Amino acid sequence: NNKILLILSPLLNITMFEVLDLSSRALPQLKDICKQFGIDAKGLAKPDMVLKIIDAQAANKELAAKLVE
């Protein structure tokens, strides 16, 4: 499924962060994204930050679209 999504991503005009993209980012970048979504990243491990961002963007798709650009 991930391979199909990665192939189609440019065609779908993705406006949300994807797990693979977030997982490959440096910790400071993830903390910044968390901050912009209003997530308290203090004490969170990287995988937990990724999941919180995925949840937050599902609840706020407009903000996610702005942050991805």
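Reply: What follows is a short chat about this structure.

Me: What kind of model is this, and how are residues numbered?

Reply: This is a predicted model, where local features need pLDDT of at least 70, side-chain atom pairs count only at pLDDT 80 or more, and totals for chains, interfaces and linings use all residues. Residues are numbered from 1 along each chain as its sequence is written, and side-chain values use heavy atoms, with hydrogens and water left out.

Me: What does the chain average for pLDDT?

Reply: The protein chain averages 80, and 78% of the residues score at least 70. pLDDT is the predictor's confidence in each residue, from 0 to 100.

Me: Where is confidence lowest, and where is it highest?

Reply: It is lowest in helix α1 (residues 2-12), at a mean of 47. It is highest in α3, at 94. Over residues 1-13, pLDDT stays under 50. For that stretch the model has seven contacts beyond four places in sequence. Contact means heavy atoms within 4.5 Å.

Me: How many helices and strands are there?

Reply: The protein chain has five helices and zero strands. Along the sequence the pattern reads α-α-α-α-α. Helices (H or I, at least four residues) and strands (E, at least two) are DSSP runs, numbered from the N terminus.

Me: What share of the chain is buried?

Reply: Of the 69 residues, 26% count as buried. Buried means under 20% relative accessible area, exposed over 50%, and partly exposed in between (1.4 Å probe, protein chains only).

Me: Which residues have the most contacts inside the largest nonpolar core?

Reply: Those are Phe 17, Leu 22, Phe 37 and Ile 53, in a core of 14 residues. The elements that give two or more residues to this core are α3 (27-37), α4 and α5. A nonpolar core is a set of buried Ala, Val, Leu, Ile, Met, Phe, Trp, Tyr and Cys residues joined through side-chain atoms within 4.5 Å.

Me: What does Ile 53 touch?

Reply: Not counting residues up to four places away in sequence, Ile 53 touches Phe 17, Leu 22, Leu 30, Ile 33, Cys 34, Phe 37 and Ile 39.

Me: Take α3. Which of its residues are buried?

Reply: Leu 30, Ile 33, Cys 34 and Phe 37 are the buried ones. They cover an arc of only 100° around the axis, which puts them on the same side of α3. The arc is that of the directions from the helix axis to the C-beta atoms.

Me: What is on the other side of α3?

Reply: Pro 28 and Lys 35 are exposed there. As for the buried residues of α3, their cover includes α2 (19-23), α4 and α5. Just after α3, Gly 38 takes a positive phi of about 80°.

Me: On to α4. How far does it reach?

Reply: α4 has 14 residues and reaches 20 Å from its first C-alpha to its last. That is close to the 20 Å expected at 1.5 Å a residue. The expected span is 1.5 Å times one less than the number of residues in the helix.

Me: Which residues of α4 are buried?

Reply: Met 49, Val 50, Ile 53, Ala 56 and Gln 57 are buried. Their arc around the axis is only 130°, which puts them on the same side of α4. The face turned away from that side carries the exposed residues Pro 47, Leu 51, Asp 55 and Ala 59.

Me: Gln 57 is a polar one to ask about. What does Gln 57 touch?

Reply: Not counting residues up to four places away in sequence, Gln 57 touches Met 16, Phe 17, Phe 37 and Ala 64. Gln 57 has a relative accessible area of 2%, so it counts as buried.

Me: Ala 64, then. Buried or exposed?

Reply: Ala 64 is buried, with a relative accessible area of 0%. Ala 64 is found in helix α5. Ala 64 and Gln 36 are 28 residues apart in sequence and 9.5 Å apart in space, C-alpha to C-alpha.

Me: Which other residues of α5 are buried?

Reply: Along with Ala 64, Ala 65 and Leu 67 are buried. The buried residues of α5 fall within an arc of 165° seen down its axis, so they line one face of the helix. They pack against α3 and α4. On the other side of α5, Glu 62 and Lys 66 are exposed.

Me: And Lys 61, buried or exposed?

Reply: Lys 61 is exposed, because its relative accessible area is 53%. Its place is in helix α5 (residues 61-68).
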